[in-house]
Amino acid sequence: MSEARSKAGNRSSDTRERLIVAAEQLFGERGIHAVTLKEINAAAGQRNESALHYHFGSKKALIGSILRQRADVLDTRRSQLLDDLAASGEKPDLRGVVKIAFQPIFELLHTRDGVRFARFVAQVLGDPQFDLPRMTVWGRYDGLTRVNILLADYLNDLPPEVAEQRQRFMLEMAISALAIWTRRHDALKDVAAREFFTANLVDGLLGMLTAPVSAETETALTPAVKSRGRKTDERKARAD
């Protein structure tokens, strides 16, 4: 009986993984709303059309499951990189922090798994149902939390609102750039081009983070902060 339950559990786990891979592939290629649950079931080789609903419940829950599963693996690697750095006794400069933030996905760009995830997460980024930058902060990922603490330390000369928005820009720009890169016909094979791309991407992100705050941005900042404060108060009043 125990062996039978084990086999059933393995089959369920295999089915779940096939559904995740099929969904990730289709979402990345065609977009979140262009793909039906029926198509995902078929691509995963599931004759039972209720398989996806049984394992995930809804498309939104499926997307959340994919994000969590992939993010857990990437963040474990990110934490390892930070642990190795801490053990060496070295403190990373800002470029080093930015590189560690994205190194786990850089390391997968030569694999179909990495390409599939990069395309998928870019589609999620563009979907109004998901606030990906906020999800990464609220996801309680140890590696990302440590990266954000280091970034905050290096960006403390910026107005807090500017620093916060630039960190969002960093994630959004990196994800978009990675997805575009994977469309190259030689993305999986050209090691030299990939290394140049990732190094140059880190340089660009670093430049964006450290760019001087212009007088125009300073002038626009105060009204924007006041407006956001009013909207927050209005939301709280409606909730009460």
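Of the 240 residues of the protein, what percentage count as buried, and what can be said in detail about helix α9?

Mentor: This is a predicted model, in which local features need pLDDT of at least 70 and side-chain atom pairs count only at pLDDT 80 or more, while totals for chains, interfaces and linings use all residues. Residues are numbered from 1 along each chain as its sequence is written, and side-chain values use heavy atoms, with hydrogens and water left out.

Of the 240 residues, 39% count as buried, a term that stands for under 20% relative accessible area, with exposed over 50% and partly exposed in between (1.4 Å probe, protein chains only). The secondary structure comes to 11 helices and 0 strands, where helices (H or I, at least four residues) and strands (E, at least two) are DSSP runs numbered from the N terminus.

Helix α9 covers residues 160–181, and its 22 residues reach 31 Å from the first C-alpha to the last, close to the expected 32 Å, that expectation being 1.5 Å times one less than the number of residues. Its buried residues are Val-162, Ala-163, Arg-166, Met-170, Leu-171, Ala-174, Ile-175, Ala-177, Leu-178, Ala-179 and Trp-181. An α-helix has 3.6 residues a turn, so residues three or four places apart point the same way.

As for confidence, pLDDT (the predictor's confidence in each residue, from 0 to 100) averages 86 over the protein, and 87% of the residues score at least 70.
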